[in-house]
Amino acid sequence: MKCVVLLSVVACAFAVAVWAANGDDSLVPPRREVYGNGRIFDITHRYHPEMPEFESKHGIGQFLWLPKSMKNGSIANNSEMKLPTHTGTHVDAPGHFFDHYLDAGFDVDTLDLDILNGPALLVDVPRDSNITAQVMKSLNIPRGTIRVLFRTLNTDRRLMFQKECDTSYVGFSVDGAKWLVENTDIKLIGVDYLSVASYDYLISSHLVLLKDREIIPVEGLKLDDVPAGFYSVHCLPLRLSGAEGSPIRCILIKN
């Protein structure tokens, strides 16, 4: 009887060792971009060390550490994270380009969730231009549209998938920003690279859009393989007290 029990224990230990060596096929985590049978689109970029950082050739680099690891004797795994707030898919608060707004407390925790969530329009921008006043006119966005996501050449060029920041990205020119403020009801602007403003108008376009604290730019959206049209958008920034920007998780839901 002792021999049988011993053989059973050895066989069990061998089976566990084989399982550990070969892995368990059921432990392959799903990573999806579309959920709910094509109804929900995740338009947030996945964070990884080679995703682009503004005005850098090297990507964001290591941003995640595991100082407390079960493999090293900790009772649980606990990661730490460090990265710029304007990294990947993120949102700008008014204090990003206005120091007195930051001093007054207009941080990401003050952004209006009613603007960041609700009906939205995804439009395709002509691929040969920045978002100028002329382009804005040509898009014929209906009055009363509050949330608009602009898909540009940035998506076609897959700039958010390249480690080196590309300053030739498409964004708003200053006249395009002014036209939007003066002639539309748009309060949420979504764009598909790290800045809502084109590089040549980096400061001036941001100043136009953020001046009145009514428009919220959401930058670095992942808009590939999403049909243009009307959706419900849902964007939730972290409640970072004192921060002028925050990573944000955004999804689109078909109406």
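**Ground rules**

I number residues from 1 along each chain as its sequence is written, and side-chain values use heavy atoms, with hydrogens and water left out. Since the model is predicted, local features need pLDDT of at least 70 and side-chain atom pairs count only at pLDDT 80 or more, while totals for chains, interfaces and linings use all residues.

**Entry 1: the cores**

I looked up the nonpolar cores (sets of buried Ala, Val, Leu, Ile, Met, Phe, Trp, Tyr and Cys residues joined through side-chain atoms within 4.5 Å). Buried here is under 20% relative accessible area, exposed is over 50%, and partly exposed is in between, with a 1.4 Å probe and protein chains only. The largest core has 24 residues, and Ile43, Leu116, Leu149, Val218 and Leu252 have the most contacts inside it. Two or more residues each come from helix H3 (113-116) and from strands S6 (117-124), S9 (216-219), S10 (229-237) and S11 (245-254). My helices (H or I, at least four residues) and strands (E, at least two) are DSSP runs, numbered from the N terminus.

I then checked Leu116 for contacts (heavy atoms within 4.5 Å). Setting aside neighbours within four places in sequence, Leu116 is in contact with Leu111, Leu188, Ile216, Val218, Val233, His234, Cys235, Pro237 and Ile248. There is also a second, separate core of 21 residues, with Val170, Phe172, Ile186 and Ile215 among them.

**Entry 2: Asn117**

Asn117 is in strand S6. Is Asn117 buried or exposed? Asn117 counts as buried, because its relative accessibility is 19%. Next I looked for its polar contacts (pairs of N or O atoms within 3.5 Å; within protein, one must be able to donate a hydrogen and the other to accept it, and residues adjacent in sequence count only if both atoms are side-chain atoms). The Asn117 side chain reaches the backbone oxygen of Leu113 at 2.9 Å, and a 3.3 Å polar contact joins it to the side chain of His234. Beyond four places in sequence, Asn117 is in contact with Arg147, Val233, His234, Cys235 and Leu236.

**Entry 3: helix H7**

I went through H7, residues 202-210, and found Leu202, Ser205, His206, Val208, Leu209 and Leu210 buried. The cover over these buried residues includes strand S5 (90-92), helix H2 (99-104), helix H6 (174-183), strand S8 (188-191) and S9.

**Entry 4: pockets and the cavity**

My search ran on a 1 Å grid over the protein atoms alone: a cavity is a set of points where a 1.4 Å probe fits but cannot get out, a pocket is an open set with protein on both sides within 12 Å along at least five of seven lines, and lining residues have an atom within 4 Å of a point. Grid points are joined across faces, edges and corners, and a volume is the space filled by probe spheres set on the points. For classes, Ala, Val, Leu, Ile, Met, Phe, Trp, Tyr, Cys and Pro are nonpolar, Asp, Glu, Lys and Arg are charged, and the others, Gly among them, are polar.

The largest pocket holds about 570 Å³. It has 23 lining residues, and Thr44, His45, Arg46, Tyr47 and Arg249 are the closest to its centre. S11 gives the most to this lining, with 3 residues, and the classes come to 13 nonpolar, 3 polar and 7 charged.

The second largest pocket is about 200 Å³. Of its 14 lining residues, Phe54, His86, His90, His96 and Leu194 lie nearest the centre. S5 and H7 each supply at least two residues of that lining, which divides into 5 nonpolar, 6 polar and 3 charged.

**Entry 5: loop residues**

Asp224 sits in the loop between S9 and S10 and counts as buried, at 18% relative accessibility. Outside its sequence neighbours within four places, Asp224 is in contact with Thr155, Arg158 and Phe161.

Asp225 is in the loop between S9 and S10, but is exposed at 70% relative accessible area. Its phi is positive, near 65°. Most residues other than glycine have a negative phi.

Asn37, in the loop between strand S1 (34-35) and strand S2 (40-42), also has a positive phi, about 55°. Asn37 is exposed, with a relative accessible area of 87%.
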